[in-house]
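This briefing is intended to be read beside the sequence and the coordinates. Its points are grouped by topic.

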Amino acid sequence: MTKFHESVSHSTLAGGARPRLFRKSSVGFYLRLNKPVWRIIPRHLQNHYPVRAYGAWLQSLVRLIAAREQYFGTFFLRNRPALELMRGLADEKAKNSTLKVAILACSAGAEVYSILWTIRSARPDLNVLVRAVDISQTILNFAKNGVYAPDTSGLVGSSIFERLTAPEMEQMFDWNGDVAKIKPWLREGITWQLGDASSPELIRDLGPQDIVVANNFLCHMEPLAAESCLRNIAGLVDRQGYLFVSGVDLDVRAKVARELGWRPVPELLEQIHDGDPSVRKDWPWRWWGLEPLDRSRHDWRTRYAAVFQVSKRRAQACVACHATDTPSAST
């Protein structure tokens, strides 16, 4: 992005890929030679063990030479199964109650408005309070403005509206030509906040949240920094609250989940894993690419779950242990 696998685990393959036979300067050449081979493998075979092993080896080489950096590219309604699960969790709240949601690395705001549209469409009675956090004041100002054009997304060749149906576009936006502005009812209840997800101060600033969303930014950090940041983020989750965390090296997420005793949420686990086709198709050629789900692993639920119920006691202990010497994380 671990433990023993019934045969050979992805992490074992990744460990073996720390090249003893390759010099770093030659890894790129080796990868270019292998791309044509990968392209001729049918997609439906990628979950077969020999192909997964080959893909894990290739991705470990990609990560060896990659210079990780943050990206702002995204889509509205990016992962529909994850939003469906969030709607189900919100539906458990009592009528006219308050739901607190923190969205870290909110970027251009597409995820913020997607979550609010999902929950408020289903539960208009709830008082949904959102804390949208990013490390860039410029991107926060853009997100708060809530005005989008098709080329807003940084994903080359993809419209930020690509995954919306025509009725959804009408429900979420007021249109002026091909420029869209978020409707007023989706702009209410949002606090846009400058902050660093790796800082313990963020926990004091935001307070406990029913749902914490930390998607698609930890994978752009080096593993040790991502792990420390994830442990800090866990401190935001209220007692028996939920953490949504996709777009993260799976070894990092699984390690933290095991050590802190998080409970993987089984509902829609596999659908959420495959719910964002842009990261699934990028495996194994991008460091953020997401490997096929492998049910033969003994730890597959913990490894592939993107939603966890977090014990507040364990999360608080985690923050206390990691409050010092925490690497800065760009959100």
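Leucine 268 is placed in the loop between strand E9 (263–264) and helix H12 (269–273). In this predicted model, leucine 268 has a positive phi of about 60° although it is not a glycine. With 23% relative accessibility, against a limit of under 20% for burial, leucine 268 counts as partly exposed.

**Other backbone features in loops**

- Leucine 77 also has a positive phi, near 50°, in a residue other than glycine.
- The loop that holds leucine 77 runs between helix H3 (49–65) and helix H4 (80–90).
- Leucine 77 counts as buried because its relative accessibility is 2%.
- A cis peptide bond, with omega near 5°, leads from tryptophan 283 to proline 284.
- Proline 284 belongs to the loop between helix H13 (277–280) and helix H14 (300–304).

**The chain as a whole**

- The protein chain contains 15 helices and 10 strands.
- Of its 331 residues, 54% are buried.
- The chain exposes about 15,100 Å², and carbon and sulfur atoms supply 54% of that area.

**The seven-stranded sheet**

- Seven strands form an open sheet in the order E6-E2-E1-E7-E8-E10-E9, and their pairing is mixed.
- Strand E6 (190–194) and E9 stand at the edges with a single partner strand each, so one side of each has no neighbour in the sheet.
- Strand E1 (residues 98–104) pairs with strand E2 (residues 127–134) in the parallel sense, over seven bridges.
- Within this pairing, valine 101 has valine 130 in E2 as its bridge partner.

**Helix H10 across the sheet**

- Helix H10 (residues 223–234) lies across E1, strand E7 (209–213), strand E8 (237–244) and strand E10 (307–310).
- The helix runs at about 140° to E8.
- From first C-alpha to last, the 12 residues of H10 reach 17 Å, close to the 16 Å expected at 1.5 Å a residue.
- H10 is mostly covered, with 10 of its 12 residues buried.
- The buried residues of H10 include the alanines Ala225, Ala226 and Ala234. Glu227 and Arg231 are also among them.

- Strand E3 (residues 147–148) runs antiparallel to E5, and two bridges join them.
- The bridge partner of valine 147 in E5 is lysine 181.
- Strand E4 (residues 173–176) pairs with E5 over four bridges, likewise in the antiparallel sense.
- Tryptophan 175 has alanine 180 as its bridge partner in E5.
- E4 and E5 form a hairpin with two residues between them. Glycine 177, in the turn, has a positive phi of about 70°.
- Side chains alternate along E5 (residues 179–182): Ala180 and Ile182 point to one face and are buried.

**Aromatic pairs**

- The model has 14 aromatic pairs.
- The rings of tryptophan 38 and tyrosine 54 have their centres 5.6 Å apart and their planes at 45°, so this pair is tilted.
- This pair links distant parts of the chain, as tryptophan 38 is in helix H2 (residues 24–39) and tyrosine 54 is in helix H3, 16 residues apart.
- Tryptophan 38 and tyrosine 54 are both buried.
- The rings of phenylalanine 173 and tryptophan 175 have their centres 5.7 Å apart; their planes stand at 70°, so this pair is edge-to-face.
- Phenylalanine 173 counts as buried because its relative accessibility is 1%. Tryptophan 175, at 31% relative accessibility, counts as partly exposed.
- Ring pairs link Phe76, Tyr113, Phe142, Tyr148, Phe161, Phe173, Trp175 and Trp192 into a cluster.

Technical notes: Residues numbered from 1 in each chain as written. Predicted model: local features only at pLDDT ≥ 70, side-chain atom pairs only at ≥ 80, totals over all residues. Heavy atoms only, no water. Buried < 20%, exposed > 50% of the residue type's maximum accessible area, 1.4 Å probe, protein only. Pairing = 2+ DSSP bridges. Areas by Shrake-Rupley, 256 points an atom, 1.4 Å probe, with all protein chains shown as cover. Contact = heavy atoms within 4.5 Å. Axes fitted to C-alpha atoms, helices over the stretch in contact; angles between N-to-C directions. Expected span 1.5 Å × (residues − 1). Phe/Tyr/Trp six-rings, centres within 6.5 Å; stacked < 30°, edge-to-face > 60°.
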